[in-house]
Amino acid sequence: MGWLAQLMGTDPDSQVAKAQKFIDLGEFHEARWLLKALDHPKAPDLLRVARNGLVEANLEEGRARYSAGDRAGAEEHLALAREFGATAEELRAARRSGRENMPKPKPKPVQADTKPAGDDPIWSLPPDDPRLRFALLIERYPEHLRERMLALGAEFAAAAMLTENGQPKQALHALKAFTGVDDVARFERAKAAIAAEELPAAASELLSFGDTVGHQVIGSSHTAVMLVQTLVRIGRAEEALTRIEPEVASSSSPAERVMLASAEAQLLFMVGRIDEADTKTTALLRESSRDMGLVKLLARIRIRKGNRINAMQLLEDGLNRCCSAPGKCGSQPLDLEAIRLLLILYLEDRLEPKRVRELMADLKANRKQTVWDDGYIAALMDRNDAQPSLNNRIDTLAKALGPNDPRHETLRRAFGD
């Protein structure tokens, strides 16, 4: 049988030899199919060569199609390159190279009224004038992207403003055409998708925006942070972590690095890499000691590690350091989330009744609306004071949750079955 297998070329050695010939001929697809399920010591290295060949072939085809003006075809090949292992930088470089020779659309700047209002034709416009609102939208973008935004024209301006006007679904549809002209339009389409709760579409647009334009700070948002938050919401936290790590490494300013590293620490916590999350958050907190987001994250990490007393100390220290003025954390509102978390810890562990009363007074004086945690806090207070209303509170809390909500376990742990 061995002789027959060799004759027919189906034994592993023969398959490896065939795969090598395909690689030599540049037939990387054929080599990959032969090697994918092959159990042979040479197979992994050859498969890597085949995949690298497929990456380069699809990058080259993508560049060529961009240069020919075929954006759709180019993106198909670049998607294949990504599937075979192309890095984000390789994809960006291919798009950049192709776009340099791509036929450029004729710019269609936003048409402004020829009669200026006041001394400045834009900034003297009334606050509700759509031209002023679009100018404000453009101002949020980094300077090197504004010209590209304006070149998309008045129809793009009108489409982008649909999201601002509370019509995100219409904006999502209207903006699709512009993503085929310039990838800079993908951020506005991602914003529309998020507002319309079309999260897979938002993730897709932000992934493409990062690959083609490069992640940016736009206004108060960072597109990489928006991407990972969106990926988490659709159950792709591990992928989000792989996306944020290189952005942290390449961040251009200390403030940007802290923002991105904070998002990375949150993701490490979410995927259960608790010690790494602790180390990173602790280091970040040394740099940004007044960042209550980091304080709360580190407190939650310590709770997960079973160090509840340390979590309480962290929260108390953060509130005292950042919220010394009544109802204020520096220039920010009192951090009610931190107040609630600290209250829950004290009440669950039946500690510090005097401090609980102080925190409750702060919470009631500053909250604008109640949330589920407020009901949980009230139930814990009833439990600790042996109030007869406890069972009704527990029933109300449980009925507000879906069947798979992890807070059911919180209720069982605090009050029993």
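Q: Why are helix 9 and helix 11 called roughly parallel to each other?
A: In this predicted model, helix 9 (residues 153-164) and helix 11 pack at an angle of about 30°. Angles under 35 degrees count as roughly parallel. Helix 9 and helix 11 are therefore roughly parallel to each other. Their axes lie 9 Å apart, and helix 9 passes helix 11 in a left-handed crossing.

Q: What makes the contact between helix 9 and helix 11?
A: Helix 9 supplies Phe156, Ala160, Thr163 and Glu164. Helix 11 supplies Glu188, Lys191, Ala192 and Ala195. By class, the residues of this contact are four nonpolar, one polar and three charged.

Q: Why is helix 11 called roughly antiparallel to helix 12?
A: Helix 11 (residues 186-195) and helix 12 (residues 199-212) pack at an angle of about 160°, with axes 8 Å apart. The cut-off for roughly antiparallel is over 145 degrees. So helix 11 is roughly antiparallel to helix 12. Here, too, a crossing is assigned: helix 11 passes helix 12 in a left-handed one.

Q: Which residues of helix 11 and helix 12 meet?
A: From helix 11 come Arg186, Phe187, Arg189, Ala190, Ala193 and Ile194. From helix 12 come Leu199, Ala201, Ala202, Glu205, Leu206, Ser208 and Phe209. This contact holds nine nonpolar, one polar and three charged residues.

Q: How do you know whether Ile394 is buried or exposed?
A: Look at its relative accessibility, which is 17%. Buried means under 20%. Ile394 therefore counts as buried. The residue sits in helix 22 (residues 390-399).

Q: What makes a set of residues a nonpolar core, and how many residues has the largest one?
A: The residues must be buried, of nonpolar kinds such as Phe, Ile and Leu, and joined through side-chain atoms within 4.5 Å. The largest core has 91 residues. Those with the most contacts inside this core are Phe134, Phe156, Ile244, Leu315, Leu343, Tyr376 and Phe415. Helix 19 (residues 336-348) gives the most to the core, with 10 residues. A second, separate core has 22 residues, among them Val16, Leu35, Ala43 and Leu59. In soluble globular proteins, nonpolar side chains tend to be buried together.

Notes. Residues are numbered from 1 along each chain as its sequence is written. This is a predicted model: local features need pLDDT of at least 70, side-chain atom pairs count only at pLDDT 80 or more; totals for chains, interfaces and linings use all residues. Side-chain values use heavy atoms; hydrogens and water are left out. Buried means under 20% relative accessible area, exposed over 50%, partly exposed in between (1.4 Å probe, protein chains only). Helices (H or I, at least four residues) and strands (E, at least two) are DSSP runs, numbered from the N terminus. Axes are lines fitted to C-alpha atoms, for helices over the stretch in contact, and angles run from 0 to 180 degrees between N-to-C directions. Angles under 35 degrees count as roughly parallel, over 145 as roughly antiparallel, 65 to 115 as roughly perpendicular and the rest as oblique. A crossing is left-handed if the near helix is turned anticlockwise from the far one by less than a right angle, and right-handed if clockwise. Contact means heavy atoms within 4.5 Å. Ala, Val, Leu, Ile, Met, Phe, Trp, Tyr, Cys and Pro count as nonpolar, Asp, Glu, Lys and Arg as charged, and the others, Gly among them, as polar.
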